[in-house]
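Here is a brief report on a protein model.

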Amino acid sequence: MIEIPESTTIARQAGTILVGKKISKVVQATSPHSFTWYNGDPKEYSRLLTGRTIESAIGHGAYVTLHCYDDTHIAISDGVNMKYHPALEPHPKKHQLLIEFEDKSFLAFTVSMYGGIQAFKGELDNPYYQGSLTKLSPLDENFDVAFFDQLFSSTQKDLSIKALLATEQRIPGLGNGVLQDILFLSGLHPKRKISTLSDLEKNDLFHCLKVTLQSMTDKGGRDTEKDFFGNKGGYKCILSQNTYKQPCPNCGGDIAKDAYLGGTVYYCFGCQKL
Ligand SMILES: [Zn+2]
């Protein structure tokens, strides 16, 4: 799934390759997928996009948007894999959209579980999309201790740490994926109630959140996700589906795996006490 490190990485990579390329053809899905969300009728995408030149690529929250001239845009959300292919490669058999450029290089969009591929002119009327553009990113220097404190005081309810940080789009693009290492490094259990955190723990959490997301971004995303060229990211996740059967790198204990708030959480029984 695309989260902050991946959207930033994919946009940076896409920007270096795609800017200036003109779209010559849009190929409809060869493999229809019930949980691929389009903006309106995807058959309209050809008329909307053909002839447009890519102007820039921006990562924001869990979205990557390709901006074209004439105020036309293509946005993908988490769950969509947008892969670049050079001119000589054959088109993949299965995709949920394919965009070819004048030089015959192309983008193939595929969705595994669910995701949105949205082409539009002007604005996209979607609260998640708008939130990801307007809310402060943890990679921004203005996302500081005072801002972080405000997140805690903005909710009346005694939420768990996972609920506060990774639900309700309070921090767009901070999802269940990146959360695991942030909490492991902070020594905090994902189900711990925010009212029980000391100032010191809150401060540690803030620093781990900033440093971990920056490190994941600097290393080109996480090794559980693929980038614009189809390669895994360079950040080795401490806790993920790939590592949870290994002992805790800190204490050697077992790692727990629970379904919690719409995603699997991993944590160390010893290092992240409830
Ligand atoms: Zn441990």
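## The largest pocket

The lining of the largest pocket comprises 15 nonpolar, 19 polar and 6 charged residues. The model is a predicted one. The space in this largest pocket comes to about 1100 Å³. Its lining counts 40 residues, and Met1, Glu3, Asp78, Tyr114 and Asn176 are the closest to the centre.

Several elements contribute at least two residues each to the lining of the largest pocket. The strands are E9 (115–121) and E11 (264–268). The helices are H3 (127–134), H5 (161–166) and H6 (176–186).

## The second largest pocket

The second largest pocket holds about 340 Å³ of space. Its lining is made of 16 residues. Nearest the centre lie Met1, Ile2, Gly79, Ser112 and Glu225. Helix H1 (4–18), strand E6 (80–85) and strand E8 (106–111) each give two or more residues to this lining.

Which element gives the most to the lining of the second largest pocket? E6 does, with 3 residues. By class, the lining of the second largest pocket has 7 nonpolar, 5 polar and 4 charged residues. Met1 is among the residues nearest the centre here, and Met1 is also among the closest to the centre of the largest pocket.

Is Cys248 buried or exposed? Cys248 has a relative accessible area of 3%, so it counts as buried. Cys251 has a relative accessible area of 46% and is therefore partly exposed. The cut-offs behind this are under 20% for buried and over 50% for exposed.

## Aromatic pairs

The structure contains 13 aromatic pairs. One of them joins Tyr63 and Tyr129, edge-to-face, with 5.0 Å from centre to centre and 90 degrees between the planes. Tyr63 sits in strand E4 (residues 63–68) and Tyr129 in helix H3, so this pair ties together parts that are 66 residues apart in sequence. Both Tyr63 and Tyr129 are buried.

Phe148 and Phe152 also form an edge-to-face pair. Phe148 is buried at 2% relative accessibility. Phe152 is buried as well, at 8% relative accessible area. Ring pairs also link Phe148 and Phe152 into a cluster with Phe143, Phe147 and Phe206.

## A loop residue

Where is Asp71 found? Asp71 is in the loop between E4 and strand E5 (72–77). With a relative accessible area of 44%, Asp71 is partly exposed. Asp71 and Glu123 are 52 residues apart in sequence. In space, their C-alpha atoms are 8.7 Å apart.

Notes
Residues are numbered from 1 along each chain as its sequence is written. This is a predicted model: local features need pLDDT of at least 70, side-chain atom pairs count only at pLDDT 80 or more; totals for chains, interfaces and linings use all residues. Side-chain values use heavy atoms; hydrogens and water are left out. Buried means under 20% relative accessible area, exposed over 50%, partly exposed in between (1.4 Å probe, protein chains only). On a 1 Å grid over the protein atoms alone, a cavity is a set of points where a 1.4 Å probe fits but cannot get out, and a pocket is an open set with protein on both sides within 12 Å along at least five of seven lines; lining residues have an atom within 4 Å of a point. Grid points are joined across faces, edges and corners, and a volume is the space filled by probe spheres set on the points. Helices (H or I, at least four residues) and strands (E, at least two) are DSSP runs, numbered from the N terminus. Ala, Val, Leu, Ile, Met, Phe, Trp, Tyr, Cys and Pro count as nonpolar, Asp, Glu, Lys and Arg as charged, and the others, Gly among them, as polar. Rings of Phe, Tyr and Trp (its six-membered ring) pair if their centres lie within 6.5 Å; planes under 30 degrees apart count as stacked, over 60 as edge-to-face and the rest as tilted.
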